[in-house]
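User: Please take me through this protein with questions and answers, in plain words.

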Amino acid sequence: MQDMDETSGEQRGPDGVPVKRPASTGDSISTSRAKKMRSHHQQQSRHGAPGYGPSALSQSTPDSEILSLFRSFSERIDAMNDKRERIIKISRDITIQSKRIISHLQRITSAPDKVRILKEAHEKRAQVVDLFREVARELRGPDEHKYRRAVQPGFEEFIEACSFLNYLEKGTLITKPELEALLADEENRPILEVPAQTYVLGVADLTGELMRYCINTLAQSGIQGMATVEEVCRFMRSLESDYTLLNLNNGPVSKKMGAMRASRLKVENACYTLKIRGAEYPPERLLDSFQIQGAFAGSSDLHGDEHADPVDRDS
């Protein structure tokens with residue numbers, strides 16, 4: 001018979017040796033569960049926890065699908081930015097070439113062969129049209145509207161150059177369909193549509209070049225060029241009157257109205273100086289003042305920084 005030790009609570013046999021109690025069912029289950037947990041933790045320490053280790057990216061889990069989705073978004077955004085940068089670069093080239101056309105046409109007042117000046121201007125314009133063909137290839141697709149603003153500065157400068165060339169040749173304002181006819185491929189199919197707002201903004205810049213043309217004409221020809229200057233002045237008044245009827249008090253067109261008015265006033269003051277004050281002063285003194293004005297008109301830009309950088313417009 002086994003006796004109970006009162007001090008330790010252990011059961012002892014007849015000889016006084018402690019008797020080992022058999023393990024219960026609950027104790028065996030706890031021991032087995034602890035062994036399994038230790039084995040699981042050791043496996044995680046060697047291979048990494050599922051969903052968090054390096055191997056999780058290659059497994060087909062919801063986390064990897066989200067990562068691949070965001071990776072596709074990143075690639076698409078990079079492609080859009082690269083495309084916009086290409087269009088901006090072409091737009092800058094168009095702006096530069098168009099300014100060269102205008103500068104070349106301003107020499108017509110002093111050139112002995114005006115036909116050659118106009119012919120060379122047509123050749124330069126054809127080079128700009130080739131650049132627009134590159135733009136048309138970049139804009140091809142459903143996202144054309146996203147990149148229109150990137151090419152607008154070059155578009156406006158091209159319209160200004162074409163309208164100035166058309167006026168020197170025909171004495172009229174170039175129309176929107178005539179501009180779209182210029183922007184055609186080798187098979188005379190239109191490649192780009194000229195937006196109405198871009199056409200209005202480009203034509204508004206024409207008055208600044210007409211003002212320079214009038215000042216240079218008076219500086220070179222004096223009183224003999226008065227008939228040409230008066231005709232240009234009437235055209236500028238008519239153009240300003242048409243823009244006033246548009247009643248665009250806000251927006252980019254309203255900002256150009258101030259420059260248009262200033263150009264017209266300069267031409268009117270030049271006509272006043274030569275016609276009214278010409279009777280009081282010798283013509284040589286008046287011609288000297290016109291030559292100085294012509295030098296300033298040729299070196300300054302009436303439009304300021306409106307075509308400074310297409311990137312700044314998008315920012």
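**Folds, surface and salt bridges**

Analyst: The protein has 11 helices and two strands, where helices (H or I, at least four residues) and strands (E, at least two) are DSSP runs numbered from the N terminus. The model is predicted, so local features need pLDDT of at least 70, side-chain atom pairs count only at pLDDT 80 or more, and totals for chains, interfaces and linings use all residues. Residues are numbered from 1 along each chain as its sequence is written, and side-chain values use heavy atoms, with hydrogens and water left out.

User: What percentage of the residues of the protein count as buried?

Analyst: Buried means under 20% relative accessible area, exposed over 50%, and partly exposed in between (1.4 Å probe, protein chains only). Of the 315 residues, the share that counts as buried is 36%.

User: Is Glu75 buried or exposed?

Analyst: Glu75 is found in helix H2, which covers residues 62-105. Its relative accessible area is 52%, and the cut-off for exposed is over 50%, so Glu75 counts as exposed.

User: Which residue pairs with Glu138 in a salt bridge?

Analyst: A salt bridge is a side-chain nitrogen of Lys or Arg within 4 Å of a carboxyl oxygen of Asp or Glu. Side chains of opposite charge can pair when their charged atoms come close. Here the closest N and O atoms are 3.1 Å apart, and the partner of Glu138 is Arg86.

User: How many residues apart are Glu138 and Arg86?

Analyst: Glu138 forms a salt bridge with Arg86. This pair links distant parts of the chain, with Glu138 in helix H3 (residues 114-139) and Arg86 in helix H2. Glu138 is buried at 18% relative accessibility, whereas Arg86 is partly exposed at 41%.

User: Which helix holds both Arg133 and Asp130?

Analyst: The side chains of Arg133 and Asp130 meet in a salt bridge, 2.4 Å from N to O. Arg133 is buried at 18% relative accessible area, and Asp130 is partly exposed at 39%. The two lie three residues apart, about one turn of the helix, and that helix is H3.
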